[in-house]
Amino acid sequence: MSDLIAAISTPLSPSAIGILRLSGPGAAAAADRVFRARSGRPLAEAPSRTLVYGSLLDREGRVVDQVLATVSRAPHSYTGEDTAELQCHGSPMVLSLGLEALCAAGARLAQPGEFTKRAFLNGRLDLPQAEAVADLLEAETPEGVRAAAGQLSGALSRRVEGVYHGLVDLLAHFHAVLDYPDEDIGPLEAEQIGGVLSAAAGELRRLLETYQRGRFLVRGAPCAIVGLPNAGKSSLLNALVGYQRAIVTDIPGTTRDTVEERCMLGGVLLRLIDTAGLRETDDPVERLGVARSRAALEGAELALVLMDGSAPAEDLDRLTAELQLWEEAARTCPRTILVLTKADLPRGADRGFSVLGGEKAPPVVRLSARTGEGLAELSDAVQALFPQGTPGEEGAVLTNARQAEAAERALRGLERAGEGLDAGVTPDAVLTDVEGAVEALGELSGRNIREDVVARIFARFCVGK
């Protein structure tokens, strides 16, 4: 049996409302030791999910607030256990005194994510739904909120369950033929097995295609702003985030380290990384900055490659260095946009248009960070590189590496099974790989997953959730 846990479930900052939460055996009785109902009736006798007005007491029994309290009894609660909540005014001191009183009444402080972990362990949520709670708390965009809300409602779980149950039915039929030879159960034909495997593998491939979009929705896409010194990288960062985040001067090499900020551009949450200008230098500090810039480029999903659009055509050394930088970015990064900066100044060399032609030509945007000219075009270019998915897909997407790895393992098992079937391997050997795929899907949904993995998942939650 689990013990009684308590936590403050709202931020510890002055606000209109703050919530103290309890879960576990004796939750209502413990709440009664710190709550005095105006009616005089114990909270333990109140109907479930009914608000009761009264006073919050500290551990010495002194009134510290007027609050609303409610109980929810197992199994019809968030955690699947008896729970109680005290809705106070959002005073950090009131909440701290209330939590101290609850601990004196027999509760212990909850660990991060322990309420949601209990909901998972008690079957109230499966693992993707539990992970969606953390995604919802961390979401920074409307699309991220909708994706997390869809996953919390079970959209991903239903998609995985459809594949899982189809494979389980296949295994059950096969084992029924083996275990009950006297029953009139027709054996599986290779064509039947192949059809099930093909359909399941196709669905898993489509599901894996959602991973890239899903993780961008939740965590944003890392975006490196790269260029030679004085190309306008810090000016562009400041223009995108809307304030003077990075120092801008006419002196080359001003930015010595990476500067990170987040912004919405083209409907995509970008984790912008303003980098030091990429050039050869004898300055040891600047060399460290250049090394960090290249590391940022290697880890980016999008590179904004800046070229000074006002540089004179006769500056061949700069043009050569810019083209080398573009080639490096194109090799390193999955997506690139060529940005010709300083459009408010007289136009210099026609950088990028003639040299970078052909099928592999990047999107090219001419802009001025000073006037804002071209920022809308840059937004459109970003949006085109990050498709928004198909209607009705919200929530039925993979959002983290754990989910993607399990789905990939299941797909590999089905592909091996299909290859064995085509090669004439006996059905029992083929279905061994199917069993491996079913096990992997069970891990995805949390049916069978190691305790240490569960602990890592819930460690990312805040206390009180």
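Among contacts in the protein between residues at least 6 apart in sequence, what percentage join residues at least 24 apart? The figure is 69%, where a contact means heavy atoms within 4.5 Å.

## Basis of the model

This is a predicted model, in which local features need pLDDT of at least 70 and side-chain atom pairs count only at pLDDT 80 or more, whereas totals for chains, interfaces and linings use all residues. Residues are numbered from 1 along each chain as its sequence is written, and side-chain values use heavy atoms, with hydrogens and water left out.

## Overall composition

The secondary structure comprises 15 helices and 13 strands. These elements are DSSP runs numbered from the N terminus, with helices being H or I runs of at least four residues and strands being E runs of at least two.

Of the 465 residues in the protein, 49% are buried. Buried denotes under 20% relative accessible area, exposed over 50%, and partly exposed the range in between, with a 1.4 Å probe and protein chains only. The protein exposes about 22,000 Å², of which carbon and sulfur atoms supply 53%; accessible areas come from the Shrake-Rupley method with a 1.4 Å probe, and for residues only the protein chains shown count as cover.

## Aromatic pairs and charges over rings

The model contains 3 aromatic pairs. Rings of Phe, Tyr and Trp (its six-membered ring) pair if their centres lie within 6.5 Å; planes under 30 degrees apart count as stacked, over 60 as edge-to-face and the rest as tilted. F216 and F386 form an edge-to-face pair, with 5.4 Å between centres and 75° between the planes. This pair links distant parts of the chain, 170 residues apart: F216 belongs to helix α8 (residues 211-219), and F386 to the loop between α12 (375-385) and α13 (401-422). Both F216 and F386 are buried. Elsewhere, ring pairs join F120, F458 and F461 into a cluster.

T116 is located in helix α3 (residues 114-121) and, because its relative accessible area is 0%, counts as buried. Not counting residues up to four places away in sequence, T116 touches Y78, L125, A130, V133, F458, F461 and K465. Among these contacts, F458 and F461 belong to the ring cluster with F120.

A27 is in helix α1 (residues 27-32) and is likewise classed as buried because its relative accessibility is 0%. With residues up to four places away in sequence excluded, A27 touches L4, L22, D82, T83 and A84. The C-alpha atoms of A27 and V71 are 8.1 Å apart, and the two residues are 44 apart in sequence.

Helix α4 (residues 127-138) has 12 residues and reaches 17 Å from its first C-alpha to its last, close to the 16 Å expected at 1.5 Å a residue. The expected span is 1.5 Å times one less than the number of residues in the helix. Within α4, 9 of the 12 residues are buried, including L127, A130, E131 and D135. D126 caps the N-terminal end of α4, with a side-chain oxygen 2.9 Å from the backbone nitrogen of Q129. A polar contact is a pair of N or O atoms within 3.5 Å; within protein, one must be able to donate a hydrogen and the other to accept it, and residues adjacent in sequence count only if both atoms are side-chain atoms.

Helix α13 has 22 residues and reaches 31 Å from its first C-alpha to its last, close to the expected 32 Å. N400 caps the N-terminal end of α13 through a side-chain oxygen 3.1 Å from the backbone nitrogen of R402. G424, with a positive phi near 85°, follows α13. E443, in helix α14 (residues 427-445), touches L127, R402, R409, N448 and I449, not counting residues up to four places away in sequence.

## Backbone particulars

A cis peptide bond, with omega about 0°, joins A74 and P75; P75 lies in the loop between β5 (63-72) and β6 (83-90). N230 has a positive phi of about 65° although it is not a glycine, and its place is in the loop between β8 (221-227) and α9 (233-241). K342, also not a glycine, has a positive phi of about 60° and lies in the loop between β12 (336-341) and β13 (364-366). N230 is partly exposed at 28% relative accessibility, and K342 is partly exposed at 24%.
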